[in-house]
Amino acid sequence: MKKLTATFAGSLIALSASVSASYADKLTFYCSAQEEWCQLMARSFEEATGIDVNMTRKSSGETFAQLRAEEANPKGDVWWGGTGDPHLQAAEEGLTEEYLSPMREQLHDWAISQAESAGNRTIGIYSGALGYGYNTDLLAANDLPEPACWKDLLKPEYKGHVQMANPNSSGTAYTTLASMVQIFGEDEGFEYMKGLHKNINQYTKSGSAPIKAAGRGETTIGIVFMHDAVAQAVAGFPVKVVAPCEGTGYEIGSMSIVKGARNMEEAKKFYDWALSAEAQNLALEVNAFQVPSNTGAKTSDKAPDMSTIKLIDYDFKTYGSSDERKRLLQKWDEEVSTLPQ
């Protein structure tokens, strides 16, 4: 009898521990920044709050598609990072939650503008300019001229030497497509994408993958946000960063709370924490060279100087709309991706 009683008591203790664990504070965190940064944000928030974080890293286009697929039964709580356009589109489709953080007064105007354009269903957490980088060793080995402009990448000598992501999965690549349309006009912009297609050796899933491939010597040129190219150069790879001469688009990396989040209070805690200078300073630990949205956060001296880059007046309202994104992607699928290379 004593043995049975002891066994029963042990079972009760185990059950109690299990129930307590199931009710512990937790957060399901969708992250669209670089893997190391995502991991650091998740672990640092756990340490700061004691909230258990389950993090999934996917590109912004993939995460947007996941939110759509999970709309009837949301599984994520907060989406952090990635280009702002998909966040704006998610807001427009009612996939994200309106929230006014008490941290807003510490942010740059461009971060607040991003929030206001989405009915406060998203907010800016960093910014970065679009451009490209090239492997200086491969450029020299193939006796290729140094590119300085977007149109340089159309030259026939670059055939098979250029890599970019697929705009259907990558926010970086969608920003590229939308930027070409705004820089050159829609007709010429699509002619540009068709010409570029001839020189592309691979469309990757992730936006930062092309410059990582360039760093490893697997491609010569990678079209990416300039801060991703800087990261490769800082890591010691022979990568030179280019701000294209015609001007370029830029991103406002964003953060959103998932509509119907199962852990809403934890999501709001993360949201507020992620807007703090302390949380944004974590970027420096993983060589993330974006410009942070908190005015008190530190920007690396190696980060691209946005004031020296010819930035276009990127139309976030238009190109952050679901209808325009769908239209441009369909046109790219039909008119560009199907062409021979």
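Taken over C-alpha atoms, the centres of domain 1 and domain 2 are separated by 26 Å, with domain bounds that come from an automatic or database domain assignment. To the contact (heavy atoms within 4.5 Å), domain 1 gives 13 residues and domain 2 gives 15 residues. Domain 1 consists of 26–127 + 252–303, and domain 2 of 128–249 + 326–336. This is a predicted model, in which local features need pLDDT of at least 70 and side-chain atom pairs count only at pLDDT 80 or more, while totals for chains, interfaces and linings use all residues. Residues are numbered from 1 along each chain as its sequence is written, and side-chain values use heavy atoms, with hydrogens and water left out.

Between them, domain 1 and domain 2 bury about 1,100 Å², of which 56% is on carbon and sulfur atoms; buried area here is the accessible area (1.4 Å probe) that two parts lose on being put together, summed over both. One salt bridge is counted between domain 1 and domain 2, a salt bridge being a side-chain nitrogen of Lys or Arg within 4 Å of a carboxyl oxygen of Asp or Glu. The side chains of Glu-62 and Lys-205 meet in a salt bridge, at 3.6 Å from N to O. On the side of domain 1 that touches domain 2, the elements giving two or more residues are helix H3 (60–69) and helix H4 (84–92), helices (H or I, at least four residues) and strands (E, at least two) being DSSP runs numbered from the N terminus. The largest share of that side, three residues, comes from H3.

E6 runs parallel to strand E7 (residues 200–204), joined by four bridges, and Ala-165 stands opposite Thr-204 in E7. Two bridges join E6 to strand E8 (residues 221–225), also in parallel, and there Gln-163 stands opposite Gly-222. Strands pair if DSSP finds at least two bridges between them.

**Gly-249**

Gly-249 lies in the loop between strand E9 (239–242) and strand E10 (250–258), and it counts as buried because its relative accessibility is 0%. Not counting residues up to four places away in sequence, Gly-249 touches Ala-129, Leu-130, Ser-179, Leu-311, Ile-312 and Tyr-314.

Conventions. Buried means under 20% relative accessible area, exposed over 50%, partly exposed in between (1.4 Å probe, protein chains only).
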